[in-house]
Amino acid sequence: MIPVVTPDEMGRIDATSPDPVDVLIARAGAAVARAAVALMGGTYGRRVVVVVGKGNNGADGRAAADQLRQRGVRVVVVDAADAPARLPASDLVIDAAYGTGFHGSYDAPDPGGAPVLAVDIPSGVDGTTGTASETSVRADATVTFAALKPGLLLGEGPGRAGDVEVVEIGLDVGPARCHVVEDVDISTWLPDRARETNKWERAVSVVAGSGGMLGAAMLASHGASRAGAGMVRLYSPGSPPDVFPPSEVVARALGGGSWWNEVLGDDRAHSVVVGPGLGRAGATAGEVRELVSRAATPVVVDADGLFALGGPDDAAALLGARSAPTVLTPHEGEFARLTGADAGADRLASVRAAAQRFGATVLLKGSTTVVADPDGRVLLTTSGGPFLATAGTGDVLSGVIGAFLAAGLAPLEAAAAGAHVHGR
């Protein structure tokens, strides 16, 4: 996992470093100089403009300029406060004007067609939220130090940072409470299946589908199967879902009236997924609440299941009484209804607060998906993209998470692994 720290957290890490500030700046400058040479493809005849501001970010830029001069590069250093509207012609512009603590707007000078290498974060991008004005720096690459910053992953940040390289300069980011998930983490978390195993050891119950929305039930069920569930039982209120293609999913119709106990009567299931395509009828919502409150296994609540939980106070009371883990998987609109407020720019803080309030793992979908546990730990996944803006992809995700819970993963890891694999 790649650590992620906020600007405030990085400030505290800097302050407690045993190495002097000038040593850290020299290391940072050397890393920026190496990245600059790689971007230019060498040093012979190259020209670099370095835009520097006050503070450590500008100091890093000056250190990089010194390193490049020693390697034969012609370097011009421009003070950010006095920069012209268009920078001198060059082979590369190094943006060291403002760092992760900058707030407000920044009118970046025109690089004149040269590629831009940002130091720590593109100037004008908020290090916590990724918000940025239209005139902020748009870099081709960014060198950031010790850990990623939220602003490189959220909002405008990814689109303005270009290719991001995390460079070690001797700072201890071990206590970080937020990380980006990588492929290797999934293979580490997911347990191997024993040689003498059986289909019921990773069984998942899926409660999904209603008239006109049986596709959601199919997608969630098949998502669980593809993610390793040994047995998937689909329960759909009303008529049985006969529209399924040939599949190993066992589909059962739930009769009218009370049906939550029929689902929970299958005590061989290791997790339950509830919500995709269920509809929002009052009777259905009541059954969902009974199911979620009484289930002794981990539960993934998605889509119409989230609607059934009600407003913030009702959801908190119901979920707080659960003895088994709960994973909530809202998109932006569902998050706002569930919590009573939009996620806002500081998505990490908002999802952390929701997880603590509900005593549940909360996964807020997005181009960078944020997953938080009630204890404040956060995992981020960046494997998704605009191709997931398609009806039904969220149903698949809920099934994948259900399968990973049935495999024994803790809820935070199951949700983050599900989002990562889903995107991949």
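These legends walk through several close-up views of a predicted model.

The model is predicted, so local features need pLDDT of at least 70 and side-chain atom pairs count only at pLDDT 80 or more, while totals for chains, interfaces and linings use all residues. Residues are numbered from 1 along each chain as its sequence is written, and side-chain values use heavy atoms, with hydrogens and water left out.

**View 1. The whole protein.** Let's begin with the overall picture. The protein has 14 helices and 17 strands; helices (H or I, at least four residues) and strands (E, at least two) are DSSP runs, numbered from the N terminus. Along the principal axes, the C-alpha atoms fill a box of roughly 80 × 45 × 40 Å. Of the 424 residues, 55% count as buried. Here buried means under 20% relative accessible area, exposed means over 50%, and partly exposed lies in between (1.4 Å probe, protein chains only). The protein exposes about 17500 Å², and carbon and sulfur atoms supply 51% of that area. Accessible areas come from the Shrake-Rupley method with a 1.4 Å probe, and for residues only the protein chains shown count as cover. Among contacts (heavy atoms within 4.5 Å) with a separation of 6 or more, 69% join residues 24 or more positions apart.

**View 2. The largest nonpolar core.** A nonpolar core is a set of buried Ala, Val, Leu, Ile, Met, Phe, Trp, Tyr and Cys residues joined through side-chain atoms within 4.5 Å. The largest one holds 49 residues, of which Val-207, Val-274, Val-292, Leu-309, Leu-328, Phe-358 and Leu-380 touch the most other members. Helix α12 (residues 347-358) gives the most to this core, with five residues. Look for Leu-309: leaving aside neighbours within four places in sequence, its contacts include Val-292, Val-301 and Leu-328. A second, separate core of 35 residues includes Ala-64, Ala-96, Val-143 and Ala-176. In soluble globular proteins, nonpolar side chains tend to be buried together.

**View 3. A six-stranded parallel sheet.** Follow the strands in the order β3-β2-β4-β5-β6-β7 and you have traced an open sheet with parallel pairing. Two strands pair if DSSP finds at least two bridges between them. The edges are β3 (74-79) and β7 (163-167), each of which pairs on one side only. From one strand to the next, the twist averages 20 degrees; the axes behind such angles are lines fitted to C-alpha atoms, for helices over the stretch in contact, and the angles run from 0 to 180 degrees between N-to-C directions. Within this sheet, β2 (residues 47-52) and β4 (residues 92-96) pair over five bridges, and Val-48 has Leu-92 of β4 as its bridge partner.

**View 4. Ala-108 in its loop.** Ala-108 sits in the loop between β4 and β5 (116-119). Its relative accessible area is 26%, so Ala-108 is partly exposed. Not counting residues up to four places away in sequence, Ala-108 touches Thr-135, Ser-136 and Val-137.

**View 5. Strand β12 and its partners.** Strand β12 (residues 271-274) points Ser-271 and Val-273 one way and Val-272 and Val-274 the other, and all are buried. β12 pairs with β9 in the parallel sense over four bridges, with Val-272 as the bridge partner of Ser-205. β12 also pairs with β13 (residues 299-301), again in the parallel sense, over three bridges; there Val-274 stands opposite Val-301.

**View 6. Helix α6 and its cover.** Helix α6 (residues 214-226) has 13 residues and reaches 18 Å from its first C-alpha to its last, close to the 18 Å expected at 1.5 Å a residue. The expected span is 1.5 Å times one less than the number of residues. Its buried residues include Leu-214, Ala-217, Ala-220 and Ala-224, and what covers the buried residues includes β9 (203-207), β10 (231-237) and α13 (393-406). After α6 comes Gly-228, whose phi is positive, near 110 degrees. In helix α13 you will find Ser-398, which counts as buried at 0% relative accessibility. Ser-398 touches Ala-220, Val-273, Pro-276, Val-300 and Asp-302, not counting residues up to four places away in sequence.

**View 7. Helix α14, largely enclosed.** Twelve of the 13 residues of α14 are buried, so the helix is largely enclosed by the rest of the structure. The helix covers residues 411-423, and its buried residues include Pro-411, Glu-413, His-420 and His-422. Among the elements covering them are α5 (183-189), β14 (326-328), β15 (361-364) and α13.
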